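Me: I have a protein model open and I want to learn how to read it. Could you take me through it feature by feature?

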Amino acid sequence: MPDFTFDAIGTAWTVSTAVPLTDPLRAAVLELVDSYDRIYSRFRQDSVIAPLAAAPGTVDLPLSAAPLLTLFDDLFRLSGGTVNPLVGSSLEKLGYDAVYSFASAGPSPAPDWRAAASWQVNGDRTALSTSVPVTFDIGAAGKGQLVDLVFALLHAAGHAELTVDAGSDLRHAGTGTLQIALEHPYDTTRAIGVLPLQDRALCASAANRRQWGDGLHHIVDAETGRPVESVAATWVLADDAMTADGLATALFFTDPGTLAEEFAFDYVRMFSDGRATFSPFMAGALFS
(Lines give C-alpha, C1' and ligand atoms only; values in the text may rest on other atoms or scores of the structure.)
Protein backbone atom coordinates (compact mmCIF):
# COMPACT_ATOMS: atom_id res chain seq x y z
CA MET A 1 0.00 0.00 0.00
CA PRO A 2 1.25 3.55 -0.68
CA ASP A 3 2.17 5.30 2.55
CA PHE A 4 1.53 8.79 3.83
CA THR A 5 3.81 9.60 6.78
CA PHE A 6 4.08 12.59 9.08
CA ASP A 7 4.92 13.50 12.69
CA ALA A 8 2.27 14.91 15.03
CA ILE A 9 1.26 14.92 18.71
CA GLY A 10 4.68 13.57 19.65
CA THR A 11 4.64 10.45 17.51
CA ALA A 12 5.20 9.19 13.98
CA TRP A 13 2.13 8.49 11.84
CA THR A 14 1.84 6.17 8.86
CA VAL A 15 -1.34 5.98 6.79
CA SER A 16 -1.38 3.09 4.34
CA THR A 17 -4.04 2.84 1.63
CA ALA A 18 -4.62 0.69 -1.46
CA VAL A 19 -4.52 3.78 -3.68
CA PRO A 20 -2.61 7.00 -2.94
CA LEU A 21 -4.33 9.76 -1.02
CA THR A 22 -5.06 12.91 -2.99
CA ASP A 23 -3.34 16.11 -1.92
CA PRO A 24 -6.61 17.60 -0.57
CA LEU A 25 -7.24 14.47 1.49
CA ARG A 26 -3.71 14.54 2.89
CA ALA A 27 -4.29 18.17 3.84
CA ALA A 28 -7.58 17.21 5.50
CA VAL A 29 -5.83 14.55 7.58
CA LEU A 30 -3.16 17.01 8.72
CA GLU A 31 -5.79 19.62 9.59
CA LEU A 32 -7.80 17.07 11.57
CA VAL A 33 -4.76 16.03 13.61
CA ASP A 34 -3.68 19.62 14.20
CA SER A 35 -7.22 20.62 15.20
CA TYR A 36 -7.32 17.81 17.78
CA ASP A 37 -4.02 19.04 19.20
CA ARG A 38 -5.31 22.63 19.37
CA ILE A 39 -8.27 21.43 21.43
CA TYR A 40 -6.74 18.96 23.88
CA SER A 41 -2.99 19.56 24.22
CA ARG A 42 -1.83 20.39 27.73
CA PHE A 43 1.52 21.42 26.25
CA ARG A 44 0.03 24.37 24.33
CA GLN A 45 -0.98 27.63 26.00
CA ASP A 46 -3.44 28.30 23.16
CA SER A 47 -5.33 25.00 23.39
CA VAL A 48 -9.04 25.00 24.22
CA ILE A 49 -8.51 23.19 27.52
CA ALA A 50 -5.53 25.35 28.60
CA PRO A 51 -7.56 28.01 30.50
CA LEU A 52 -8.94 25.35 32.85
CA ALA A 53 -5.48 24.92 34.38
CA ALA A 54 -5.56 28.50 35.66
CA ALA A 55 -9.17 28.75 36.83
CA PRO A 56 -12.39 26.73 36.86
CA GLY A 57 -14.79 27.37 34.02
CA THR A 58 -16.54 25.93 30.98
CA VAL A 59 -15.02 25.18 27.59
CA ASP A 60 -16.72 24.27 24.34
CA LEU A 61 -15.56 20.98 22.83
CA PRO A 62 -16.65 19.25 19.62
CA LEU A 63 -19.38 16.62 19.68
CA SER A 64 -16.69 13.93 19.33
CA ALA A 65 -15.62 14.74 22.90
CA ALA A 66 -18.75 12.99 24.20
CA PRO A 67 -17.63 9.38 23.48
CA LEU A 68 -14.15 10.17 24.81
CA LEU A 69 -15.50 11.59 28.07
CA THR A 70 -17.98 8.72 28.34
CA LEU A 71 -15.06 6.28 28.11
CA PHE A 72 -13.18 8.21 30.80
CA ASP A 73 -16.31 8.12 32.99
CA ASP A 74 -16.39 4.33 32.63
CA LEU A 75 -12.66 3.78 33.12
CA PHE A 76 -12.58 6.08 36.15
CA ARG A 77 -15.39 4.06 37.72
CA LEU A 78 -14.03 0.60 36.83
CA SER A 79 -10.45 1.45 37.85
CA GLY A 80 -11.40 2.93 41.23
CA GLY A 81 -10.25 6.37 40.15
CA THR A 82 -6.77 5.38 39.01
CA VAL A 83 -7.57 6.21 35.34
CA ASN A 84 -8.48 9.89 35.33
CA PRO A 85 -8.16 12.55 32.58
CA LEU A 86 -7.18 15.11 35.23
CA VAL A 87 -3.87 13.30 35.79
CA GLY A 88 -2.07 16.10 33.92
CA SER A 89 -1.30 17.88 37.18
CA SER A 90 0.28 14.70 38.58
CA LEU A 91 2.47 14.36 35.48
CA GLU A 92 3.51 18.00 35.77
CA LYS A 93 4.53 17.49 39.42
CA LEU A 94 6.71 14.58 38.30
CA GLY A 95 8.45 16.79 35.74
CA TYR A 96 6.53 15.89 32.57
CA ASP A 97 5.33 19.44 32.10
CA ALA A 98 4.78 21.88 29.24
CA VAL A 99 8.45 22.91 29.16
CA TYR A 100 9.73 19.34 29.62
CA SER A 101 11.64 20.28 32.77
CA PHE A 102 11.82 16.61 33.85
CA ALA A 103 12.38 17.96 37.38
CA SER A 104 10.25 15.95 39.78
CA ALA A 105 8.67 17.60 42.81
CA GLY A 106 7.27 14.26 43.98
CA PRO A 107 3.95 12.51 43.56
CA SER A 108 0.69 14.42 43.74
CA PRO A 109 -2.78 12.84 43.40
CA ALA A 110 -5.05 14.20 40.65
CA PRO A 111 -8.31 15.97 41.45
CA ASP A 112 -11.32 13.66 41.62
CA TRP A 113 -12.80 13.46 38.11
CA ARG A 114 -16.41 13.17 39.28
CA ALA A 115 -16.16 15.98 41.83
CA ALA A 116 -14.07 18.41 39.79
CA ALA A 117 -15.59 18.10 36.32
CA SER A 118 -18.88 17.56 34.53
CA TRP A 119 -19.93 17.60 30.90
CA GLN A 120 -23.03 17.59 28.73
CA VAL A 121 -23.91 17.60 25.06
CA ASN A 122 -25.51 20.81 23.80
CA GLY A 123 -26.62 20.37 20.20
CA ASP A 124 -23.53 19.70 18.11
CA ARG A 125 -21.10 20.68 20.88
CA THR A 126 -19.95 19.27 24.23
CA ALA A 127 -19.68 21.61 27.20
CA LEU A 128 -17.04 20.66 29.77
CA SER A 129 -17.18 22.44 33.14
CA THR A 130 -14.79 22.32 36.08
CA SER A 131 -15.13 23.48 39.67
CA VAL A 132 -11.40 23.81 40.46
CA PRO A 133 -8.29 24.46 38.35
CA VAL A 134 -7.41 21.22 36.53
CA THR A 135 -4.87 20.05 33.98
CA PHE A 136 -6.33 17.64 31.45
CA ASP A 137 -4.28 14.85 30.00
CA ILE A 138 -6.30 12.64 27.67
CA GLY A 139 -3.30 10.52 26.72
CA ALA A 140 -4.94 7.40 28.15
CA ALA A 141 -7.37 7.24 25.22
CA GLY A 142 -6.99 10.40 23.13
CA LYS A 143 -4.43 9.11 20.63
CA GLY A 144 -6.66 6.14 19.99
CA GLN A 145 -9.63 8.41 19.35
CA LEU A 146 -7.58 10.49 16.93
CA VAL A 147 -6.66 7.30 15.06
CA ASP A 148 -10.38 6.54 14.81
CA LEU A 149 -11.15 10.06 13.55
CA VAL A 150 -8.48 9.84 10.83
CA PHE A 151 -9.69 6.35 9.96
CA ALA A 152 -13.30 7.59 9.65
CA LEU A 153 -12.25 10.52 7.46
CA LEU A 154 -10.44 8.25 5.02
CA HIS A 155 -13.10 5.55 5.08
CA ALA A 156 -15.78 8.13 4.29
CA ALA A 157 -13.63 9.28 1.37
CA GLY A 158 -13.81 5.80 -0.15
CA HIS A 159 -10.67 4.13 1.19
CA ALA A 160 -11.88 0.69 2.23
CA GLU A 161 -8.39 -0.85 2.41
CA LEU A 162 -6.41 1.16 4.93
CA THR A 163 -4.31 1.15 8.05
CA VAL A 164 -3.79 4.12 10.34
CA ASP A 165 -0.73 3.72 12.58
CA ALA A 166 0.05 6.38 15.18
CA GLY A 167 3.14 5.20 17.01
CA SER A 168 1.93 1.59 17.29
CA ASP A 169 -1.70 2.45 17.98
CA LEU A 170 -3.31 1.00 14.87
CA ARG A 171 -6.65 0.57 13.18
CA HIS A 172 -6.98 -1.63 10.11
CA ALA A 173 -9.65 -2.35 7.51
CA GLY A 174 -9.42 -4.53 4.45
CA THR A 175 -9.07 -8.04 3.13
CA GLY A 176 -5.42 -8.51 4.03
CA THR A 177 -4.02 -9.41 7.43
CA LEU A 178 -1.17 -7.53 9.09
CA GLN A 179 1.38 -9.33 11.23
CA ILE A 180 2.18 -7.08 14.18
CA ALA A 181 5.17 -7.72 16.46
CA LEU A 182 4.59 -7.08 20.17
CA GLU A 183 7.69 -5.19 21.28
CA HIS A 184 9.48 -6.47 24.38
CA PRO A 185 9.29 -3.63 26.94
CA TYR A 186 12.83 -4.26 28.18
CA ASP A 187 14.54 -4.92 24.83
CA THR A 188 13.12 -3.04 21.85
CA THR A 189 15.10 -5.26 19.45
CA ARG A 190 12.97 -8.25 20.47
CA ALA A 191 9.29 -9.19 20.38
CA ILE A 192 7.31 -11.28 22.84
CA GLY A 193 4.96 -12.42 20.09
CA VAL A 194 3.38 -11.70 16.72
CA LEU A 195 -0.30 -10.88 16.32
CA PRO A 196 -2.50 -11.06 13.19
CA LEU A 197 -4.57 -7.89 12.78
CA GLN A 198 -7.54 -7.52 10.45
CA ASP A 199 -10.56 -5.20 10.70
CA ARG A 200 -9.80 -4.29 14.32
CA ALA A 201 -7.70 -1.88 16.32
CA LEU A 202 -4.57 -2.70 18.31
CA CYS A 203 -3.14 -0.35 20.92
CA ALA A 204 -0.14 -0.83 23.17
CA SER A 205 1.10 0.94 26.25
CA ALA A 206 4.46 0.45 27.93
CA ALA A 207 6.26 1.94 30.90
CA ASN A 208 9.52 2.10 28.93
CA ARG A 209 8.02 4.76 26.67
CA ARG A 210 8.25 8.42 27.74
CA GLN A 211 10.66 7.79 30.60
CA TRP A 212 12.59 10.75 32.00
CA GLY A 213 14.20 9.42 35.16
CA ASP A 214 14.60 6.45 37.49
CA GLY A 215 11.08 5.11 37.99
CA LEU A 216 9.54 8.12 36.23
CA HIS A 217 7.29 7.49 33.24
CA HIS A 218 3.97 8.61 31.83
CA ILE A 219 1.65 5.90 33.19
CA VAL A 220 0.62 7.34 36.54
CA ASP A 221 -1.88 6.20 39.15
CA ALA A 222 -4.13 9.26 39.51
CA GLU A 223 -5.06 8.26 43.06
CA THR A 224 -1.47 8.40 44.31
CA GLY A 225 0.31 10.45 41.65
CA ARG A 226 2.95 7.72 41.38
CA PRO A 227 4.08 5.91 38.21
CA VAL A 228 2.99 2.29 37.96
CA GLU A 229 5.65 -0.26 38.92
CA SER A 230 4.01 -3.69 38.76
CA VAL A 231 2.95 -3.75 35.08
CA ALA A 232 5.47 -3.20 32.28
CA ALA A 233 3.35 -3.29 29.12
CA THR A 234 -0.11 -4.03 27.76
CA TRP A 235 -1.62 -4.73 24.34
CA VAL A 236 -5.35 -4.60 23.57
CA LEU A 237 -7.40 -5.59 20.53
CA ALA A 238 -10.84 -4.00 20.20
CA ASP A 239 -13.22 -2.87 17.48
CA ASP A 240 -12.02 0.74 17.67
CA ALA A 241 -8.74 2.37 18.68
CA MET A 242 -10.16 4.70 21.34
CA THR A 243 -11.47 1.74 23.33
CA ALA A 244 -8.31 -0.29 22.76
CA ASP A 245 -6.15 2.65 23.87
CA GLY A 246 -8.20 3.32 27.00
CA LEU A 247 -8.26 -0.33 28.01
CA ALA A 248 -4.50 -0.68 27.41
CA THR A 249 -4.02 2.05 30.02
CA ALA A 250 -6.67 0.66 32.38
CA LEU A 251 -4.97 -2.77 32.42
CA PHE A 252 -2.06 -1.18 34.30
CA PHE A 253 -4.42 -0.67 37.22
CA THR A 254 -7.43 -2.92 36.79
CA ASP A 255 -8.15 -6.62 36.61
CA PRO A 256 -9.03 -7.69 33.04
CA GLY A 257 -12.13 -9.50 34.32
CA THR A 258 -13.53 -6.26 35.72
CA LEU A 259 -13.08 -4.49 32.37
CA ALA A 260 -14.50 -7.49 30.48
CA GLU A 261 -17.81 -7.04 32.30
CA GLU A 262 -18.44 -3.95 30.16
CA PHE A 263 -16.04 -4.14 27.19
CA ALA A 264 -15.33 -6.70 24.45
CA PHE A 265 -11.58 -6.99 23.92
CA ASP A 266 -8.53 -9.25 23.81
CA TYR A 267 -5.36 -8.47 25.68
CA VAL A 268 -1.84 -9.26 26.82
CA ARG A 269 -0.57 -7.82 30.09
CA MET A 270 3.12 -8.22 30.93
CA PHE A 271 4.28 -7.63 34.49
CA SER A 272 7.58 -6.15 35.60
CA ASP A 273 8.80 -9.59 36.76
CA GLY A 274 8.35 -11.04 33.26
CA ARG A 275 5.07 -12.85 33.84
CA ALA A 276 2.23 -12.33 31.39
CA THR A 277 -1.51 -12.83 31.45
CA PHE A 278 -3.59 -12.89 28.28
CA SER A 279 -7.00 -13.64 26.84
CA PRO A 280 -7.47 -16.92 24.89
CA PHE A 281 -7.29 -15.23 21.45
CA MET A 282 -3.89 -13.75 22.29
CA ALA A 283 -2.36 -17.01 23.53
CA GLY A 284 -1.32 -18.07 20.02
CA ALA A 285 0.31 -14.72 19.39
CA LEU A 286 2.90 -15.14 22.14
CA PHE A 287 6.24 -16.90 21.93
CA SER A 288 6.68 -19.65 24.50
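Me: What should I know before I start?
Reply: This is a predicted model, where local features need pLDDT of at least 70, side-chain atom pairs count only at pLDDT 80 or more, and totals for chains, interfaces and linings use all residues. Residues are numbered from 1 along each chain as its sequence is written, and side-chain values use heavy atoms, with hydrogens and water left out.

Me: How do I read a helix, and what span should H2 have?
Reply: Helices (H or I, at least four residues) and strands (E, at least two) are DSSP runs, numbered from the N terminus. The expected span of a helix is 1.5 Å times one less than its number of residues. Helix H2 covers residues 65–78, so its 14 residues should span 20 Å. Its end C-alpha atoms are 20 Å apart, which agrees.

Me: Which residues of H2 are buried?
Reply: Buried means under 20% relative accessible area, exposed means over 50%, and partly exposed is in between (1.4 Å probe, protein chains only). In H2 the buried residues are Ala65, Ala66, Leu68, Leu69, Leu71, Phe72, Leu75, Phe76 and Leu78. Just after H2, Gly80 has a positive phi of about 65°.

Me: How do I read a sheet, and what is the order of the three strands in the open sheet?
Reply: Two strands pair if DSSP finds at least two bridges between them. Here the order is S3-S5-S4, and the pairing is antiparallel. Strand S3 (58–62) and strand S4 (117–122) are at the edges with a single partner strand each, so one side of each has no neighbour in the sheet. S4 and strand S5 (residues 125–130) are joined by six bridges.

Me: Which strands are at the edges of the eight-strand sheet?
Reply: That open sheet has the order S1-S2-S6-S7-S10-S15-S16-S17, again with antiparallel pairing. Its edge strands are S1 (3–8) and S17 (276–278), each pairing on one side only. Inside the order, strand S6 (residues 162–166) pairs with S7 over five bridges. Asp165 stands opposite Leu170 in S7.

Me: What lines the largest cavity?
Reply: On a 1 Å grid over the protein atoms alone, a cavity is a set of points where a 1.4 Å probe fits but cannot get out. A pocket is an open set with protein on both sides within 12 Å along at least five of seven lines, and lining residues have an atom within 4 Å of a point. Grid points are joined across faces, edges and corners, and a volume is the space filled by probe spheres set on the points. The whole structure has one cavity of 30 Å³ or more. The largest cavity holds about 50 Å³. Its lining is Tyr40, Ile49, Leu61, Ala65, Leu69, Leu128, Phe136 and Ile138.

Me: How many residues line the largest pocket?
Reply: There are 49, with Ile9, Gly139, Lys143, Arg210 and His218 nearest its centre. Its space is about 1,300 Å³. Gly139 sits in the loop between S5 and H5. Gly139 is partly exposed, at a relative accessible area of 47%.

Me: Where is the centre of the second largest pocket, by closest residues?
Reply: Look for Gly215, His217, Pro227, Val228 and Glu229, the closest of its 14 lining residues. This pocket has about 240 Å³ of space.
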